Amino acid sequence: MAGFKAAFVNESIKLLKKKKIIAAAVLSIFAVLIGQIAVTAIKHGFGLRVVGSTEFPLVVLSGFTYTILPLFAIFVAIDMFNGEFSSNTMKITLARPVSRFGVFSAKVLNLALFIAANLLFVMIIALLAGFIFNPSSASLSGIVSVVLSYAATFFPVFVFALLVVLLSNIIRGGLAVFFLSIMVYIGFNFIGIVFSNYSSFLMTSMFDWYTLWISETANVFKIFRQILILFGCGIMLFTAGYYLFDRKDV
Amino acid sequence: MTNKAIEITDLAKVYTNGRGISDLNLVVDQGDIFGFLGPNGAGKTTAMKMMTGLMKPDRGDVKIFGASITEDYVNAMKHVGCIIETAESYPYLTANENLKLFARYYPGVDQRRIDECLQITGMLKYKNEKSKKFSLGMKQRLGVAAAILSKPKLLILDEPLNGLDVEGMLDMRKMIKRLAEEGTTFFISSHLIHDVELTCTRIGVVYGGKLVNVEYTRNILTNYSSLENYFVSEVDRNGRV
């Protein structure tokens, strides 16, 4: 794909140079710190042991996946598309020897990298915090579970980010896309609770599907079905997003 | 190998408000400095956006050095540098970092060439300043540096003198002349008719979304006292009161 490598490196540099990445890192550290303070307070105040060292990252993940991670994925996706269109900088990328598919793929791949890097960062800090405050309960199988959980969480969050990318290419205003994304996120979670029979089809209700991966009796059929649903949603959202991006007049 | 730098066939794009451009047929030969003149809203920028693939035409095609912009975009844009509508840059990056981003699309462009372009446009001393602090003229100069970075065979410049001071305008005119002597083809739109007269070798007048006439500058100046008189005459002839 001509020009893809250049577009990919450029998107990475633009992402790294923005303050959003620092904000995401700081908020991620705060999330881990608040979690650790709560766990320590309960332990010392009530004498209850809430979590062990390798269980702590899973507690952090359950909160992080539903709050900071999708929020920053929305910010980055909007910035990459609506932000560049509104600041007129999209044209300086598009008027280069690179196909629109190359530019779109480079942006989406960077969005995926951002989500993966954010998860990896939080996992490392949460693991370190767990080891420092509860060193006695560390185990290799616990670490494997943590890694597996964080890796599995990437996929539904990425598919949700693809939905935001699609919205970014439908609506011109970044603020409108932001609010619509939040509404969709809340709506999906609400539908997932009220119509629980259909929740498997919503990517937001798969944000905690890592529990399937680490349960003692893994339901292979259910995991396989969820993978296929995520994959199908991902392909459809990517294709629809690209279709609109390709037809856009700058 | 074709000697046509740009070949526009039956190009059309009409907006919902009825403005735009239609039935645009034009050939720009290699080595031409083509001036694209027309009043506000005549369709100049729309045509240039379609020529650079930023806008999809309703119908028609543009070929750049034989490669179709709609079917073979990457090859068509390989030898093109452009400024469309406004010279933009990433405000959170320095002038040097901005040019480094663009350089990645062209295999032969290194730091030396980046410095050379900054030198040509008088931006070398601001190399490490973020472009959000730049004035309109400085942004324009950076835009020109980005356009000439890959030593393109064709430069499409929409209002290249926008925001430039007198010194900048003179520098720009000299640069266009020098690059044209080296074989670069230019497609320039400008409101500064005197500057077009001094720079361009061929003129196309667009009015009401149609290309009304194309003529060599020397022929125009044989029949009219200035390009301005020719332009006014063409616009009047095509219905402007």
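User: What makes a contact a salt bridge here?
Analyst: A salt bridge is a side-chain nitrogen of Lys or Arg within 4 Å of a carboxyl oxygen of Asp or Glu. This is a predicted model: local features need pLDDT of at least 70, side-chain atom pairs count only at pLDDT 80 or more, and totals for chains, interfaces and linings use all residues. Side-chain values use heavy atoms, without hydrogens and water.

User: Why is the pair A:Lys17 and B:Glu97 called a salt bridge?
Analyst: Their closest N and O atoms are 2.9 Å apart. The cut-off is 4 Å, so the pair qualifies. A:Lys17 lies in helix H1 of chain A and B:Glu97 in helix H3 (residues 95-103) of chain B, so two chains are joined. Helices here are DSSP runs (H or I, at least four residues) and strands are E runs of at least two, numbered from the N terminus.

User: Why is A:Lys17 called partly exposed?
Analyst: Buried means under 20% relative accessible area, exposed over 50%, and partly exposed in between (1.4 Å probe, protein chains only). A:Lys17 has 41%, so it is partly exposed. B:Glu97 has 23% and is partly exposed too.

User: How do you know that B:Asp23 and B:Arg59 form a salt bridge?
Analyst: The closest N and O atoms are 3.1 Å apart, so the pair meets the rule. It links distant parts of the chain: B:Asp23 is in strand E2 (residues 20-29) and B:Arg59 in strand E4 (residues 59-64), 36 residues apart.

User: Are A:Glu84 and A:Lys14 buried or exposed?
Analyst: Both are buried. Their side chains meet in a salt bridge at 2.7 Å, N to O.

Technical notes
Residues are numbered from 1 along each chain as its sequence is written. Chains are lettered from A and ligands numbered from 1 in the order in which they are written.
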